[in-house]
Amino acid sequence: MERKLPKDFYWGGSVSSFQTEGHRNEGGKGLCVYDVRPMNPEFSDWNDAIDEYTRYDEDIALMKGMGFNFYRFSICWSRIIPNGTLDEPVNEEGVKFYSDLIDKLLAAGIEPMITLVHFDMPYHLVKEYNGFASRYVVDCFERFAKVCFERYKDKVEYWLTFNEINCIDFSGWVAAGIPNQNPQTIADAAKNQLIASAKSVITLHNINPNNKVGNMIGYGIKYPNTCHPNDILKTWEEANEDYFYCDVQARGYYPRYKLKEYERNGVVFSLNDKEKEILKSGTVDFISFSYYMSNCISADPKVAPNQSGNMSFGVKNPYLKASAWGWQIDPKGLRIALNYLYDRYQKPLMVVENGLGAQDEVDENNKIHDTYRIDYLRDHILAMEEAVRIDGVELWGYTSWGCIDLVSASTGEMHKRYGFVYVNYQDDCSGNGERIRKDSFYWYKKVISSQGRDLK
Ligand code: BG6
């Protein structure tokens with residue numbers, strides 16, 4: 001049997017601005033949401049991150065060393081427009097920073113993919129306007145997106161609008177800058193972000209019809225805990241929380257189950273003809289998603305919830321192992337996820353985040369033997385290959401998360417490491433920032449050069 005991923009498959013890694021750049025008050029940058037996020041004082045506050053702002057040269061060389069042909073990073077909105085507003089000048093220093101970074105990637109033969117907003121909108125828009133709860137912020141985002149598209153249009157073909165847009169449902173302040181999680185606020189922010197996203201798709205296509213824009217959802221696929229119809233129904237309801245955003249972005253209209261839910265919950269919602277037209281014309285070219293784990297859903301209140309992990313929910317799946325952070329490891333779930341998404345939308349897919357957060361030890365020879373990470377990634381790449389070869393899913397690429405160690409988004413920990421490259425910074429920000437290739441670095445290099453055939 002010959003393993004088969006497309007010849008022009010994109011292999012690479014993925015990072016975000018606030019988890020890597022550091023230097024938050026430099027280069028004319030304004031404050032972003034993460035700069036003021038209250039954190040456990042023992043952990044990083046993202047002020048230094050991994051110092052990518054000054055070290056990207058060295059890091060791109062490492063990515064090139066692994067044979068990457070693709071790299072996903074995000075632009076920090078407040079580096080481009082410090083307060084994010086409509087009338088302030090564009091920060092040319094910020095524009096130049098990303099322009100130089102893109103040039104370096106291209107010179108290394110690596111295609112850039114840009115996420116416009118990865119959880120780090122300008123704090124000013126949050127403080128003064130309640131983030132995406134305000135219609136005004138849609139215009140601000142439109143301006144920001146247009147500036148990026150126009151400045152980088154000749155260099156960047158692949159774009160994503162909002163990272164894990166479905167996080168609004170449980171972490172609205174981070175994902176949309178909203179002040180509370182009440183259903184009306186969430187619905188308003190979701191609508192504004194979906195309109196903003198669709199408008200940016202239209203704008204980018206007008207600037208260059210060959211450019212491609214995708215959406216991005218966090219997709220922790222959900223299984224019913226038993227075959228009891230109550231569990232099946234509950235699972236369907238909860239899965240719709242993830243699908244809702246994707247349904248609008250891929251199909252161009254609000255799904256009936258969401259409209260009925262609003263009606264039941266007394267949420268005031270409407271779309272005028274112009275808004276309907278924007279959603280319809282601004283559908284994405286491809287679907288991208290993060291996949292770390294699966295979740296198990298029970299409708300039975302007597303079944304104990306899975307409280308063993310940060311960010312995981314539902315009940316424990318007895319068939320799966322979990323990471324040290326309680327994320328249940330489920331490679332087969334990735335094959336299922338790819339099939340579910342492809343069947344539902346029939347649009348090309350990209351896995352833009354996947355990986356194992358683990359604590360690594362540097363041994364006396366300055367080596368990191370991260371076989372656990374290699375095992376995790378191998379199994380997920382195999383599952384992805386099966387989805388393509390056996391099931392016929394159209395998959396464009398794979399960018400594993402945190403290809404270089406970075407600060408954890410959910411906890412601020414530095415010791416939750418995902419990278420092929422170790423970064424010598426610790427939770428309390430001590431360390432010299434030295435980069436060390438882990439065993440997984442050499443393994444991934446082999447995977448890429450064999451186009452996914454050699455996974456040993
Ligand atoms: C995704 C985010 O939800 O998960 C990333 O897009 C994040 O920003 C990643 O880092 C892993 O989560 P964590 O909490 O382990 O950093």
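1. Let's start just past a helix. Gly266 follows H10 and has a positive phi, near 70°. Bear in mind as you read on that this is a predicted model.

2. H10 itself covers residues 256–264, and its buried residues are Tyr257, Lys258, Glu261 and Tyr262. They span an arc of only 140° around the axis, so they sit on the same side of H10.

3. What do the buried residues of H10 pack against? Their partners are helix H8 (183–207), helix H9 (229–251) and helix H12 (331–345).

4. Now for the barrel. Eight strands close up in the order S1-S2-S3-S4-S5-S7-S9-S10, and the pairing is parallel. From one strand to the next, the twist averages 25°. As a reminder, strands of a sheet pair through backbone hydrogen bonds, either parallel or antiparallel.

5. Have a look at where S1 meets S10. Strand S1 (residues 10–14) pairs with strand S10 (residues 395–401) in the parallel sense, over five bridges. Helix H14 (residues 439–449) lies across S1 and S10, and runs at about 150° to S1.

6. Is strand S3 largely enclosed or largely open? Six of the seven residues of S3 (residues 111–117) are buried, so the strand is largely enclosed by the rest of the structure. S3 pairs with strand S2 (residues 70–74) over five bridges in the parallel sense, and Phe73 has Ile114 in S3 as its bridge partner. S3 also pairs with strand S4 (residues 158–162), again in the parallel sense, over four bridges. Here the bridge partner of Met113 is Tyr158 in S4.

7. On to the aromatics: a search of the whole structure turns up 39 aromatic pairs. Take Phe18 and Tyr34, whose ring centres are 3.7 Å apart with the planes at 20°; stacked means planes under 30 degrees apart, so this pair counts as stacked. The pair links distant parts of the chain, 16 residues apart: Phe18 belongs to helix H1 (residues 17–20), while Tyr34 is in the loop between H1 and helix H2 (52–66). Why do both count as buried? The cut-off for buried is under 20% relative accessible area; Phe18 is buried because its relative accessibility is 6%, and Tyr34 is buried because its relative accessible area is 2%.

8. Another stacked pair is Trp443 with Tyr444, at 6.4 Å centre to centre and 25° between the planes. Trp443 and Tyr444 are buried. They also belong to one aromatic cluster, together with Phe9, Trp11, Phe68, Tyr398 and Phe420.

9. Finally, a couple of charges over rings. Lys191 lies over the face of Phe269, 5.7 Å from the ring centre. Arg344 lies over the face of Tyr243, at 4.0 Å from the ring centre.

Methods:
Residues are numbered from 1 along each chain as its sequence is written. This is a predicted model: local features need pLDDT of at least 70, side-chain atom pairs count only at pLDDT 80 or more; totals for chains, interfaces and linings use all residues. Side-chain values use heavy atoms; hydrogens and water are left out. Rings of Phe, Tyr and Trp (its six-membered ring) pair if their centres lie within 6.5 Å; planes under 30 degrees apart count as stacked, over 60 as edge-to-face and the rest as tilted. Helices (H or I, at least four residues) and strands (E, at least two) are DSSP runs, numbered from the N terminus. Buried means under 20% relative accessible area, exposed over 50%, partly exposed in between (1.4 Å probe, protein chains only). A charge sits over a ring if NZ of Lys or CZ of Arg is within 6 Å of the ring centre and within 35 degrees of the ring normal. Two strands pair if DSSP finds at least two bridges between them. Axes are lines fitted to C-alpha atoms, for helices over the stretch in contact, and angles run from 0 to 180 degrees between N-to-C directions. Contact means heavy atoms within 4.5 Å. The arc is that of the directions from the helix axis to the C-beta atoms.
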